[in-house]
Amino acid sequence: MAQELPKDLNQVSTEQVDCDLLIIGGGNAGCFSAYEAKQADPDMKVVIMEKANIKRSGACAAGMDAINTYIPTWDGKTPEDLVRWSRSQVGGGPIREDLALSNAQQLNQCVEELEEWGLPILKDEDDMPSYRGAWDVSIHGEQLKPIMAEKAMESAEVYNRVVATNLIMDGDRCAGAMGFGVRDGKFYVFKSKATIVSTGGACGLYKSYTSDGTASHHQTWMCPFNVGTGYAIGIRKGAEFTSMEQRWCAARTKDYSGPVDTVSVGFNAKMINAKGEYFLEKHYSHLGGDKAPRYIRANAPMEEWREGRGPTYIDTTHMDEETCHSMLTDYLNERPSFVLFLAANGHNPVERPVEVYGSDPYIVGGHTGSGFWVEMDRMTTVPGLFAAGETAGGNPNKFVGGCAAEGKLATRGAIEFIKQQGEVSVSEEQIQAEKERVFDPLFKGKDFDGLTPEEVKERLQRLMDEYAGGTSQFYRVNEAQLDYALRHIEMLKKHIPLLKADSLHELMHAHEVIDRIDVAEIVCHHLKGRKETRWPGFQTRTDYPQRDDENFNCFVESRRNIETGEIEVFTRPYERIVDES
Amino acid sequence: MPPRVDWEKCDGCKAQDEPLCEQVCPGNLMTLNKDNKAYCRPLRHCWDCMSCTKVCPVGAIETRMPFQIGYHGAKLIPMVGTNSITWTCEDIYGNVKRYRYKNRIED
């Protein structure tokens, strides 16, 4: 509804909410965090801060067509097997096997809870979950998000349409978060004994190749409203980050960024190039061919294009109409408008193959290993701040089931922390300073010669695309490009005080671009830090084209020095816990 | 870029404090104009998740492809039932297909 805008800071009211546990972001992980808290202690006061409306927010807003990790224990598969598979998806590591194993031990129960709550999991003729790959079960998940949200709403007080802007600190300890209501224009202060950050990952650091010359600026696979806020609020408090160079670049349907695994894995459609060659089979059979790790599958079509063998497709022409109908039903559960895209191009996949291309890169720690460095209790290096889902690093391939499990694990860690640490106190000064910072773009005045969030975002996205290994560069990057990118990120940071907003919606965009700049900066530092090529596509260094196990079979880490603002880059060793076989 | 609102059909969800499309849009994009008709703030910011299209109680919202990526005349219309959803898709040549499935297990 239209809202009278405040004219100065005195007209902005502040609402303070005190709670035991604050969850920033009511998505997949956050909903399970809230549910777990209520199970553990019904008297605990749990609050969810949600940028959208929890019923349809974030990456799962449109739905989902599969749970990508559910362990078929009845076939003798174990959590260790899942860790081995996850490790193989990132070329043998590094991954945090401690985190991965503890997660794998929890995730089946989460998937079973989703089914109890009403999620349809497809069954085979023996009434067992219907698998379309080694670990992925098919679902009709159009209602996945409302189903999770209903449980979260029973378990927590949900503040919808509140944009998180920064953490509150009590000394070195996180004591909650602040933000503003994008509908009511209030400044919100959530004071909490422990905080879980589960905002989802970062989309829109890089330009999507459809954003030029089309009326679709948000033609992305990952939710474009997940902008990396969860990472940014941690970066600004000096939290340690891991593996931010392991970007999620995925093979997606061209021009529409629809999922491809639905087709290639579930319906046995192989990738094919302009010469009619099954190129994954031809060049990557030693790595699994069409079942090769995802970074290979994302990079391979881009390599075909670069070599002049594009367009590239997934070959759907072997399907009969009935199978195709079933495939399109899958799409309707996850990315319904892709079915419209096919119809708008008069495209029947039975008659012609579906075009495939690499997506713009995302930072999504539920998929790759990017995110906060966390301990086993899922606490970040900032005491009192826990991470779950896409924000938690080191443990890739979590997807829906794993993000749910991690939400629970973070809550358990938070409860223990609260027991030991108790109350927090926060200074009025930091609250006032944040309030001024947050609303500043709104009070610039109409004659102010400033910048719109959109133009700053576009400058960042083009910079990252061309100088930090976006699709226009076929994901490839070198040291000189990264130095160029960092020089301009420094310039963009200097322009932040010029941001202006003429509505609360624009104010949200202003903070989104500030967050994206902070995340983009450490992504560049991580890409610089890994002087080898470990996951071509996810991470390709043209100046260090070989894998260097001697020096880089380890995690690349970063931390902003909050005194100097410098990003410090270092490494941590990789520990293998789960044996081969 | 998508939601196209038929202002003949849209009644601004009179009975609700906030219209349903405005409630659900994950990007905070849907809102009402001064005549209480829904519109999408910048069309280019839409993610095409179709949440607004599915939730509209009077079927006033249609998700459209921008012409730069899809030709004119295709339609995908959801009909939300109790524990099920039915989609009707018409391609640019007039071929119509229907997809119906359960989206919730009944209690």
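Me: How many residues of β13(A) are buried?

Reply: Burial is judged by relative accessible area: buried is under 20%, exposed is over 50%, and partly exposed lies in between, with a 1.4 Å probe and protein chains only. In β13(A), four of the five residues are buried, and the strand is mostly covered. Strands (E, at least two residues) and helices (H or I, at least four) are DSSP runs, numbered from the N terminus. This is a predicted model, in which local features need pLDDT of at least 70 and side-chain atom pairs count only at pLDDT 80 or more, while totals for chains, interfaces and linings use all residues; side-chain values use heavy atoms, with hydrogens and water left out. Residues are numbered from 1 along each chain as its sequence is written, and chains are lettered from A and ligands numbered from 1 in the order in which they are written.

Me: Which strands pair with β13(A)?

Reply: Two strands pair if DSSP finds at least two bridges between them. β10(A) is joined to β13(A) by three bridges and runs antiparallel to it; β12(A) is likewise joined to β13(A) by three bridges, also antiparallel. A:Val356 of β13(A) stands opposite A:Thr253 and opposite A:Thr312.

Me: What is the strand order of the sheet, and why are some strands left with one side without a neighbour?

Reply: The open sheet has four strands in the order β10-β13-β12-β11 (chain A), with antiparallel pairing. β10 (251-253) and β11 (271-272) of chain A stand at the edges with a single partner strand each, so one side of each has no neighbour in the sheet. A:Ile272 is placed opposite A:Tyr313 of β12(A).

Me: Which helix lies across this sheet?

Reply: Contact means heavy atoms within 4.5 Å. Axes are lines fitted to C-alpha atoms, for helices over the stretch in contact, and angles run from 0 to 180 degrees between N-to-C directions. Helix α8 (residues 294-306) of chain A lies across β10, β11, β12 and β13 (354-358) of chain A, at about 100 degrees to β13(A).

Me: How should I read the sheet in chain B, and which helices pack on it?

Reply: The approach is the one used above. Three strands, in the order β5-β6-β7 (chain B), form an open sheet with antiparallel pairing. β5 (75-80) and β7 (96-102) of chain B are at the edges, each with a single partner strand, so one side of each lacks a neighbour in the sheet. On average, neighbouring strands of this sheet are turned by 15 degrees against each other, direction ignored. Six bridges pair β5(B) with β6(B) in the antiparallel sense, and B:Val80 stands opposite B:Ile85 in β6(B). Helix α9 (residues 321-334) of chain A packs on this sheet, touching β5, β6 and β7 of chain B, and its direction makes about 65 degrees with that of β7(B). Helix α10 (residues 337-344) of chain A also packs on the sheet, touching β5 and β6 of chain B, at about 150 degrees to the direction of β5(B).

Me: Which residues have the most contacts inside the largest nonpolar core?

Reply: In soluble globular proteins, nonpolar side chains tend to be buried together. A nonpolar core is a set of buried Ala, Val, Leu, Ile, Met, Phe, Trp, Tyr and Cys residues joined through side-chain atoms within 4.5 Å. The largest has 133 residues, and A:Leu21, A:Leu114 and B:Met30 have the most contacts inside it. Helix α11 (residues 399-421) of chain A gives the most to this core, with ten residues. A second, separate core of 58 residues includes A:Phe241, A:Leu460, A:Leu486 and A:Ile514.

Me: What does A:Leu21 touch?

Reply: Leaving out residues up to four places away in sequence, A:Leu21 touches several residues, among them A:Ala37, A:Met44, A:Ile196 and A:Thr411.

Me: Is A:Thr210 buried or exposed?

Reply: A:Thr210 has 4% relative accessibility and therefore counts as buried. Its place is in the loop between β8 and α5 (229-235) of chain A. Not counting residues up to four places away in sequence, A:Thr210 touches A:Ser216, A:Gln219 and A:Asp255.
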